[in-house]
Amino acid sequence: MTEDDLVHPKLKAWLKQTIDLCGPDHVHICDGSPKEYATLMETMVAKGNAIPLPKRPGSYLFRSDPSDVARVEARTFINTRKQDDAGPSNNWADPDAMRATLRDLYKDCMKGRTLYVIPFSMGPLDSPLSRIGVEITDSPYVVVNMHIMTRVGTAVLQKLGNAGAFIPCLHSSGKGAGNPQWVCAPMDQKYISHFPEENVIASYGSGYGGNALLGKKCLALRLASAMAWREGWMAEHMLLLRLTSPEGKRYHIGGAFPSACGKTNLAMITPTLPGWKAECLGDDIVWMKPDADGRLWALNPEAGFFGVAPGTSRATNPNAMKTIEKNTIFTNCALTDDGDVWWEGLDREKPSHLTDWQGQSWTPDKEAPAAHPNARFTASATQCPILCQDWDAPEGVPLDAILFGGRRAHVAPLVTQALNWDHGVFLGATLASETTAANIGAVGKLRYDPMAMTPFCGYNMGDYFQHWLTMGDRLGTKAPAIFYVNWFRKGKDGAYLWPGYGDNCRVLKWICDRVDGKVGARETPVGYLPCANDLDLSGLNLAPGALDVLLDPGLAERKEDQPQLEAHLARFGDRLPQRLRQQAAALALCLP
Ligand code: O2Y
Ligand code: MN
C-alpha cells in the first residue's frame with residue numbers, strides 16, 4: 001500500500017503535511033502482517049540493532065542509548081489553552097508555543113530514514129469503546145512493539161473508512177547524532193506532548209517505551225482520560241482480572257497501583273487457595289463505561305504487556321515467565337553467553353559471565369546491575385497462559401470491585417473496604433506509596449499518587465476527582481465496591497508481615513465475600529476491616545502477632561501523615577471537590 005491508496009482525506013492530508021515537514025527518504029504504510037514484522041526484524045538484525053535469542057524462538061534483544069531508558073515525566077507536557085486546565089500534576093505549555101518548538105525540531109528530522117504509518121486500534125476493532133490512532137514514526141523498533149501492544153494494520157484503515165475519527169500521533173526518535181544503534185535527542189530536546197483539546201499527540205527525541213509507543217500512556221491514558229471526562233466514561237491506570245470461586249461464581253476486579261507495587265504480578269496471580277482460579281484481562285490500563293444495565297463495564301485497550309523484567313521470576317510470576325518464552329522483544333536486559341536474556345531477580349545464582357545492557361562484559365563482582373532496572377519485555381497478551389477468553393470481548397466485563405494500593409511499611413492495613421463511594425474516591429485520591437530503588441529519588445520517601453494516575457491524568461486532577469464522584473452518583477447502588485490494599489506492611493524487625501504473591505488471593509477472597517455480603521466487617525474511620533476469622537489463612541504460617549498488625553487501622557501513625565496529606569490535597573486548590581474536603585475533615589476528627 002502507498003500514500004495514494006489511502007482513502008481518508010484527513011489522514012492523507014496529515015500524512016502529506018508530515019512528509020513535507022519531516023522529509024523522510026521513504027514512506028511505509030503498515031499492514032500489521034507477520035511478514036511485515038519479520039522483515040523489519042530481519043533489517044534490524046542486519047544493522048545490529050536487534051540480537052536474535054536462540055533460546056527463545058522469535059525473540060530479540062535491543063539495547064537503548066544509556067540516556068534513553070524510561071518515561072521522562074519532566075519532559076511530558078499537557079498543552080491546554082489555560083494552564084489551570086492541565087492542573088498542578090502536569091507540566092504545562094501553551095499549545096501554540098509548543099507547536100512552534102516542535103515544528104523546528106521535526107523539520108527534516110527523518111532525512112535518510114523511512115517514515116512508518118501505523119494505523120492502530122486501542123481496544124478490539126468491534127468494540128464501541130475502542131479508539132483509533134495513527135502513529136507516524138521513524139523508528140522500526142516502535143513499529144514492531146506497536147504490532148504487539150496494539151491492533152495494527154489494514155483492518156484498522158478499513159474500519160476508519162473515509163470519514164472515521166482518528167487520533168494523530170507523531171513520533172520521531174530525534175536528530176541525535178551520537179549512537180547509530182539507538183537514535184535519540186538530548187534530554188532538553190525531548191518532548192512528549194499532548195493536546196487534549198485537539199486530540200493530538202506529538203513526541204520527539206525518545207525512542208523508549210511510554211515516550212514512543214504512543215498508544216499506551218499517551219493515548220490510552222493521558223488523552224483518553226480527558227476524552228472520558230468529556231464523554232462520561234473512565235480511563236484508568238489499572239490491572240484487570242477475573243477471579244472464579246470454587247462454586248464457579250465470577251468476579252471482575254480492577255486495581256490501581258503505582259509502579260513497584262507488583263501490578264503485573266497481581267494481574268497474573270496464581271491463587272494458593274484450593275479451587276480459586278484467576279484469569280488475566282490486562283496489567284496496566286482499563287477503560288470503563290456505565291452500560292444500559294447501570295453497571296460499570298471494563299475493557300483493557302491494549303493487546304500486549306510491556307512489563308518490567310528485573311524481579312520477574314518463576315517464583316514471583318510464573319505466568320509472566322511463560323508469556324515471554326517466545327516471540328518476545330526484550331529491551332535493556334543482559335545477554336547470557338549461550339544467547340538467552342538475564343536480569344536481576346531472575347534466579348538466585350548470578351551467571352559467571354554476561355554481556356550487560358550496555359553491551360559490556362559483566363561478571364558478578366561488578367557493582368552495577370547487568371540489566372537496566374527498567375529493562376522491559378514486550379509480549380502478546382495471547383501468550384499469557386491464564387489469559388481470560390473474554391479479554392477481547394467488545395463489551396468488556398462487568399466490574400465488581402476496584403482496588404487501590406500502595407507500598408506502606410506502616411500505616412495502611414492489609415485491606416480495608418471503603419465506607420461508601422465518596423470514601424473510596426478519597427482513598428484513591430490519597431493513595432500513597434513509599435519509593436523503592438526501582439523509583440527515581442530517595443528510597444522510602446512517601447509519594448502521593450492519586451489513583452496511580454499522577455503521571456497519566458491528561459487534565460486537572462481536581463476535575464478528575466470530581467469526575468470519579470459524578471460517576472459514583474451515576475452508578476448508585478450498582479457501583480463496584482472500593483477497597484484499599486497494602487501487601488507491604490512490615491513488623492518491628494523490618495520483615496514483611498504478609499507473604500504476598502499467590503497468597504494475595506486470600507484478600508481477594510474476602511473482597512469477593514464482601515461484594516456478596518457474605519461476611520461482616522469491623523467499621524473503623526479508615527474503612528471496613530476484616531474480622532480476623534473472616535480471612536482464609538488456612539495453611540499459612542503468619543508470624544505470631546502479625547495479623548493484629550496487618551489489621552490495625554494505624555490511626556496513631558496516620559496522625560503523623562496528616563501534614564503531608566493536607567499539603568497534598570491543598571495542591572488542588574479550589575478544584576478539590578467539597579465532598580473530598582468533607583472526607584478529609586471526617587478522618588481528621590477521628591485521629592487521636
Ligand atoms: O519506562 C517506560 O517507558 C515504561 S513505563 C510503563 C510501562 C508499562 C506499564 N506501566 C508503565 C508505567 O510507568 O506505569
Ligand atoms: Mn503503568
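This is a predicted model: local features need pLDDT of at least 70, side-chain atom pairs count only at pLDDT 80 or more; totals for chains, interfaces and linings use all residues.
A manganese ion (ligand 2) is held by Lys217, His237 and Asp284, and a search of the whole structure turns up 0 disulfides. The largest nonpolar core runs to 163 residues, and strand S10 has 5 of its 5 residues buried.

**Manganese site**
- The atoms coordinating the manganese ion (ligand 2) are NZ of Lys217, NE2 of His237 and an OD of Asp284, at 2.2 Å.
- Along the sequence, these donor residues follow the spacing K-x19-H-x46-D.
- Lysine 217 sits in helix H7 (residues 215–231), while histidine 237 is in the loop between strand S12 (234–236) and strand S13 (239–244); the two are 20 residues apart, and the pair links distant parts of the chain.
- Lysine 217 and histidine 237 are both buried.

**Cysteines**
- As a reminder, a disulfide is a covalent bond between the sulfur atoms of two cysteines.
- With 0 disulfides found in the whole structure, cysteine 22 is in none: its nearest cysteine sulfur belongs to cysteine 109, 4.0 Å away.
- Cysteine 22 counts as buried because its relative accessibility is 0%.
- For cysteine 457, the closest cysteine sulfur is in cysteine 218, and the 14 Å between the sulfurs is too far for a bond.
- Cysteine 457 is buried too, with a relative accessible area of 0%.

- In soluble globular proteins, nonpolar side chains tend to be buried together.
- In the 163-residue core, the residues with the most contacts inside it are Trp343, Phe404, Trp468 and Ile511.
- H7 supplies the largest share of this core, 9 residues.
- Setting aside neighbours within four places in sequence, isoleucine 511 touches Ala401, Leu403, Val415, Phe483 and Val485, all by contact.
- There is also a second, separate core of 31 residues, including Leu15, Leu21, Ile29 and Val156.

- Strand S4 (residues 76–78) pairs with S10 in the parallel sense over 3 bridges, and isoleucine 78 stands opposite histidine 194.
- Strand S11 (residues 200–204) pairs with S10 in the antiparallel sense over 5 bridges, with serine 193 opposite alanine 202.
- The hairpin of S10 and S11 has 4 residues between the strands, and asparagine 199 there takes a positive phi near 60 degrees.

Terms used
Residues are numbered from 1 along each chain as its sequence is written. Chains are lettered from A and ligands numbered from 1 in the order in which they are written. Side-chain values use heavy atoms; hydrogens and water are left out. Donors are N, O and S atoms within 2.8 Å of the metal (3.2 Å for Na, K and Ca); water is not among the atoms, so sites may look incomplete. Buried means under 20% relative accessible area, exposed over 50%, partly exposed in between (1.4 Å probe, protein chains only). A disulfide is a pair of cysteine sulfur atoms within 2.5 Å. A nonpolar core is a set of buried Ala, Val, Leu, Ile, Met, Phe, Trp, Tyr and Cys residues joined through side-chain atoms within 4.5 Å. Contact means heavy atoms within 4.5 Å. Two strands pair if DSSP finds at least two bridges between them.
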